[in-house]
Amino acid sequence: MAQGDDLISVDYEVFGKVQGVFFRKYTQAEGKKRGLVGWVQNTQHDTVQGQLQGPAAKVRQLQEWLQKTGSPKSRINKAEFRNEKKITVLEHTDFCIVK
């Protein structure tokens, strides 16, 4: 595999106006568009959190989207990324919205 094609996994949490604005639905669509797998869910703290897995370059694209773009009616204050690691195989089969 070429550099940037390494599979990685990263956890994320997005802060701001990210609930009630279809943020999870848009995140799922953006992830699938890039061929990523993982999950997204609302938290009790009015944030959105989840996990991304896939080729490093594609994960970086979605990280930037989570930091700067989001859903049309969202307002992102910040996005935090944790537990980034290289993986040899994807641990998810799809990009799911967790209720």
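Predicted model: local features only at pLDDT ≥ 70, side-chain atom pairs only at ≥ 80, totals over all residues.
Q: Which residues touch the most other members of the largest nonpolar core?
A: A nonpolar core is a set of buried Ala, Val, Leu, Ile, Met, Phe, Trp, Tyr and Cys residues joined through side-chain atoms within 4.5 Å. Buried means under 20% relative accessible area, exposed over 50%, and partly exposed in between (1.4 Å probe, protein chains only). Here the largest core has 19 residues, and those touching the most other members are Tyr 12, Val 14, Phe 23, Leu 52, Leu 62 and Leu 66. Two or more residues come from each of β1 (7-17), β3 (48-55), α2 (56-68) and β4 (75-86). Helix α2 gives the largest share, five residues. These elements are DSSP runs numbered from the N terminus: helices are H or I with at least four residues, strands E with at least two.

Q: What is Leu 52 in contact with, beyond its neighbours in sequence?
A: Contact means heavy atoms within 4.5 Å. Leaving aside neighbours within four places in sequence, the contacts of Leu 52 include Ile 8, Val 10, Tyr 12, Val 37, Val 59, Leu 62, Leu 66 and Phe 95.

Q: How do α1 and α2 pack, in angle and distance?
A: Two packed helices are described by the angle between their axes and the distance between the axes. Axes are lines fitted to C-alpha atoms, for helices over the stretch in contact, and angles run from 0 to 180 degrees between N-to-C directions. For α1 (residues 23-33) and α2, the angle is about 155 degrees and the axes are 10 Å apart.

Q: Which residues make the contact between α1 and α2?
A: Phe 23, Tyr 26, Thr 27, Glu 30 and Gly 31 of α1 meet Leu 62, Trp 65 and Leu 66 of α2. By class, that is five nonpolar, two polar and one charged residues. In this scheme Ala, Val, Leu, Ile, Met, Phe, Trp, Tyr, Cys and Pro are nonpolar, Asp, Glu, Lys and Arg charged, and the others, Gly among them, polar.

Q: Is Thr 43 buried or exposed?
A: Thr 43 counts as buried because its relative accessibility is 14%. Thr 43 sits in the loop between β2 and β3 and touches Glu 13, Gln 19 and Gln 49, not counting residues up to four places away in sequence.

Q: Why does His 45 count as exposed?
A: His 45 counts as exposed because its relative accessibility is 63%. His 45 lies in the loop between β2 (37-42) and β3. Its C-alpha atom is 9.1 Å from that of Phe 15, 30 residues apart along the chain.

Q: Where does phi take a positive value in a residue other than glycine?
A: One case is Phe 22, with phi near 60 degrees. Phe 22 lies in the loop between β1 and α1 and counts as exposed, at 59% relative accessibility. Asp 46, in the loop between β2 and β3, also has phi near 60 degrees.

Key: Residues numbered from 1 in each chain as written. Heavy atoms only, no water.
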